[in-house]
Amino acid sequence: MIFLEFEKPIEDLYAQIEELRQMEQKTGMTMADKIERLEHKIKDTREELYSKLTTWQRIQVSRHPERPYTQFYSNYLCNDFVELYGDRTFRDDKAIIGGFGDLNGQTVMFIGHQKGHNTKMRQYRNFGMPYPEGYRKALRLMKLAEKFNKPIVTLIDTPGAYPGEDAEQRGQGEAIARNLIEMVSLKVPVLCIVIGEGASGGALGIGIGDKLLMLENTWFSVISPESCASILWRSWDFKEKAAVALQPTPQELLKYGIIDEIVKEPIGGAHLQPEEMAKTLKKTIIKHLAELTKIDPQTRIENRIKKYSAIGQFETVNV
Amino acid sequence: MQEPRKPWWKRLRKGVDTSTEEKLETPDGIWHKCNGCKKALLVTQLRDNLHTCPHCNYHEKIDAEDYFDILFDDKKCEEHFTELRSKDILHFVDTKSYEKRINDAIENTDLKEAMRVMVGAIGGNTTVVAAMDFRFIGGSLGSVMGEKISRAIDLAIERKAPFLIISKSGGARMQESAFSLMQMAKTSAKLHQLAEAKVPYISLLTNPTTGGVSASFAMLGDLNIAEPGALIGFAGPRVIEETTKRKLPEGFQTAEFQLENGFLDFIVDRKELKEKLTKVLNLLKK
């Protein structure tokens, strides 16, 4: 188990239990009572900590190295999930994956960012930072879903689109922009869910749809707190301050009407009980897709345009 | 070995004690040092040349107003949506509060926002032109710019007039966080409507066009065109160098680079901008 900085009290309690277990083995005395008491204490402490997470703590949870990613969800949620590869033009990007699966008797196209769980896989997945071909693959799969009238679910979890030389050369900006305008007019229901990090255009590039949901311990913003700090404060040291200023948590974004719903996570974060998380997510997806499918395609597109057109905060003065 | 030379005079006070105000400098407004070739130019000469260098053709940044003057017949145009003002909804404070940043920008420029929308005729073609002004918080994309583009598109559809956006921006306005990010979605949604109405949209990318602007409407023109030498890219050069730990090659992310890689329809010299746009607008109309 990997503990986050603020989970130190929980880590200490686990260490105490471990000590008791070793003592049990050595002495043959039963410590079951004490262990049970400590386990209760862990539960209480965890509830206490997670009931009042700060913005920065929530961001840490969203980046927990054991957090479930798109591949886990698509395999767990669907029967017969079939992954599809490639943008048909340049290559297969490993930071965005997608494919069809059977979700509760309905074929659904799942598309999402993918990170790795160990150093080797993290590199393989380019830390969840797609190249332009990732966005083009995503668009190809969306068009495929549209052709066969299958709803689309996108799972967002990226620190941003990859800012590299070759990514620029192949048109990172154009690839994201193209997805934005194409996703607006997809004839099938599109449900977007932030499952981890939602940074900037890299997140938005697969994030245009009828509904935008966020898991409880995630964030969504125009820029990562680190980059924001380095630009506005000229130092990464201000990342926590930047995080607070950006107001990127689901709780804040729901208040501002940017997102539609928060999906509750198990106490201690999605990584602690991934299967519980997946079950909740499944129920949520089924509910929303059922509602969205009832609306006729043209109205759905009009609603989408209306929704995005209404976002913005400004004043009107007399001139 | 040479003897150290003996000074002819002795310094009594250390350091430079001429205050900045007393410094003798060439007065502003007569000479301009070209940002490209560093040659000194007469300001009047530069102005006559539409702020492009007669030696190296470097295109200096110009204001939205300058583009309107260049483009519209008899410099005649009518401004729209001047009533919109930015709002510090998140109470965002970095080294300065966003509210102060907005007020300072209004005070230090003759602008109210980073974008101005005008309707006028370009070579006889009534056109809706939305131009950014870099002086106003780096031409950053926030709620007001998003709304101005949105309303400009409605206007273009209503009048069946071609739509031109002149981009010059560092990207999304961080101080509006998710709201500014969503302007990328908003403008794309509106551009879809414009496309459905079969109204032409031309995107002119000028120096610089980066970040969220390049990852939304600036790259979505029916025609994407750019001024020579303009910096165009999603990630800024500094960020790329920090990520890849390598120095970028000469000419990387210039308009010429983007043309070569297939993301622009053509590059147009500012001195030929009006003529070329007129030609294109006429062709689209026939």
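Where is the place of Asp74(B)? In this predicted model, Asp74(B) sits in a loop of chain B. The loop runs between helix 2 (64-71) and strand 3 (77-80). Asp74(B) is not a glycine, yet its phi is positive, at about 55 degrees. Most residues other than glycine have a negative phi. The relative accessibility of Asp74(B) is 66%, so the residue counts as exposed.

A positive phi is also found in chain A. Gln247(A), likewise not a glycine, has a phi of about 45 degrees. Its place is the loop between helix 11 (239-246) and helix 12 (250-255) of chain A. Is Gln247(A) buried or exposed? Gln247(A) is buried, with a relative accessible area of 12%. The cut-off for a buried residue is under 20%. Asp74(B) is exposed, whereas Gln247(A) is buried.

Chain B also holds a cis peptide bond, which joins Asn207(B) and Pro208(B). The omega angle there is about -10 degrees. Most peptide bonds are trans. Pro208(B) belongs to strand 8 of chain B, which covers residues 201-210.

The overall build of chain A comes next. Chain A has 14 helices and nine strands. Its radius of gyration is 21 Å, close to the 20 Å given by the globule rule for 319 residues, so chain A is as compact as a globular protein of that length. Along the principal axes, the C-alpha atoms of chain A fill a box of roughly 70 × 55 × 40 Å.

Of the 319 residues in chain A, 57% count as buried. The chain exposes about 14000 Å². Carbon and sulfur atoms supply 51% of that area. Contacts in chain A were also sorted by sequence separation. Among those between residues at least 6 apart, 71% join residues at least 24 apart.

How is chain A divided into domains? The domain assignment gives domain 1 (5-52) and domain 2 (59-308). The contact between them takes six residues from domain 1 of chain A and eight residues from domain 2 of chain A. The C-alpha centres of these two domains lie 36 Å apart.

Definitions and conventions. Residues are numbered from 1 along each chain as its sequence is written. Chains are lettered from A and ligands numbered from 1 in the order in which they are written. This is a predicted model: local features need pLDDT of at least 70, side-chain atom pairs count only at pLDDT 80 or more; totals for chains, interfaces and linings use all residues. Side-chain values use heavy atoms; hydrogens and water are left out. Helices (H or I, at least four residues) and strands (E, at least two) are DSSP runs, numbered from the N terminus. The radius of gyration is taken over C-alpha atoms; the globule rule is 2.2 Å times the number of residues to the power 0.38. Buried means under 20% relative accessible area, exposed over 50%, partly exposed in between (1.4 Å probe, protein chains only). Contact means heavy atoms within 4.5 Å. Accessible areas come from the Shrake-Rupley method with a 1.4 Å probe; for residues, only the protein chains shown count as cover. Domain bounds come from an automatic or database domain assignment.
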